[in-house]
Amino acid sequence: DHRCPWVNNCIGFSNYKFFLLFLAYSLLYCMYIAATVFKYFIKFWTGELTNSRSKFHVLFLLFVAIMFFVSLLFLFGYHCWLVSHNRSTLEAFSAPVFQNGPDKNGFNLGFVKNLQQVFGEERKLWLLPVVSSQGDGHFFPTRILSESRNPLLANEDHWEEDGLQDDSQGCHRGFSLAVEMET
């Protein structure tokens with residue numbers, strides 16, 4: 001998916017859930033730090049905090065916690081949006097190309113199934129840092145696309161074969177995509 005300087009590693013299929021949990025836990029930790037330091041900040045603001053050395057520490061800690069919280073909030077929000085659409089960072093910038101042409105929503109299976117692709121089917125394991133993602137990282141389910149919704153075939157009324165119309169428009173088959181890596 002992408003190279004992340006926060007964890008000094010590449011983020012992809014095998015560790016995307018852990019990356020999202022890292023962002024969520026980091027957000028909670030920043031909120032905890034800000035909440036615990038805030039009462040000392042109020043004392044500093046009202047002049048009740050007498051030690052000059054601790055004044056700097058309180059201001060610095062609160063400022064850093066809030067700045068990290070804001071930046072992590074945007075990053076976590078963006079990745080939550082990506083998960084809800086079942087996209088990687090690269091797919092958000094360039095639509096994947098299928099047999100029917102490029103389709104930015106080719107892997108979008110619906111909100112719940114998109115979450116299950118990353119976090120697994122057992123909801124009790126979603127917030128725990130254990131492997132529960134679906135799939136093997138080589139084959140990915142795609143959304144169902146019938147011929148009638150194919151953008152390349154949209155101008156054709158119906159496909160006819162030997163004078164008979166094809167009545168299989170209502171027949172949907174799930175497809176999967178194989179990804180092969182060159183070494």
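The bend at a residue is the angle between axes fitted to the seven residues ending there and the seven starting there. The legends below apply it to a predicted model.

**View 1. Helix α1 and its bend at Phe-38.** Helix α1 covers residues 16–46, 31 residues in all. At Phe-38 the helix bends by about 35°. At 1.5 Å a residue, α1 should span 45 Å.

View 2. Gly-47 follows α1. The phi of Gly-47 is positive, near 90°.

**View 3. Cysteines Cys-30 and Cys-80.** Cys-30 has a relative accessible area of 9%. Buried means under 20%, so Cys-30 counts as buried. Cys-80 has a relative accessible area of 36% and is partly exposed. Searching the whole structure for disulfides gives 0.

**View 4. The ring pair Phe-13 and Phe-140.** The whole structure holds 10 aromatic pairs. In one of them, the ring centres of Phe-13 and Phe-140 are 6.0 Å apart. Their planes stand at 75°; over 60 degrees counts as edge-to-face, so this pair is edge-to-face. Phe-13 sits in the loop between β2 (9–11) and α1, whereas Phe-140 belongs to strand β5 (residues 139–141). The pair therefore ties together parts that are 127 residues apart in sequence. Phe-13 is partly exposed, at 34% relative accessible area. Phe-140 is also partly exposed, with 22% relative accessibility.

**View 5. The ring pair Phe-107 and Phe-140.** Here the ring centres of Phe-107 and Phe-140 lie 6.4 Å apart. The planes are at 75°, so this pair is edge-to-face. Phe-107 is in the loop between β4 (101–102) and α4 (111–119). Phe-140 is in strand β5. The pair links distant parts of the chain, 33 residues apart. Phe-107 counts as buried because its relative accessibility is 8%, under the 20% cut-off.

**View 6. An aromatic cluster that includes Phe-140.** Phe-13, Phe-98, Phe-107 and Phe-140 form one aromatic cluster. Among its members, Phe-107 is buried, whereas Phe-13 is partly exposed. Phe-140 is partly exposed as well. Phe-140 pairs edge-to-face with Phe-13 and edge-to-face with Phe-107.

Definitions and conventions: Residues numbered from 1 in each chain as written. Predicted model: local features only at pLDDT ≥ 70, side-chain atom pairs only at ≥ 80, totals over all residues. Heavy atoms only, no water. Helix = DSSP H or I, 4+ residues; strand = E, 2+ residues; numbered from the N terminus. Expected span 1.5 Å × (residues − 1). Disulfide = S-S within 2.5 Å. Buried < 20%, exposed > 50% of the residue type's maximum accessible area, 1.4 Å probe, protein only. Phe/Tyr/Trp six-rings, centres within 6.5 Å; stacked < 30°, edge-to-face > 60°.
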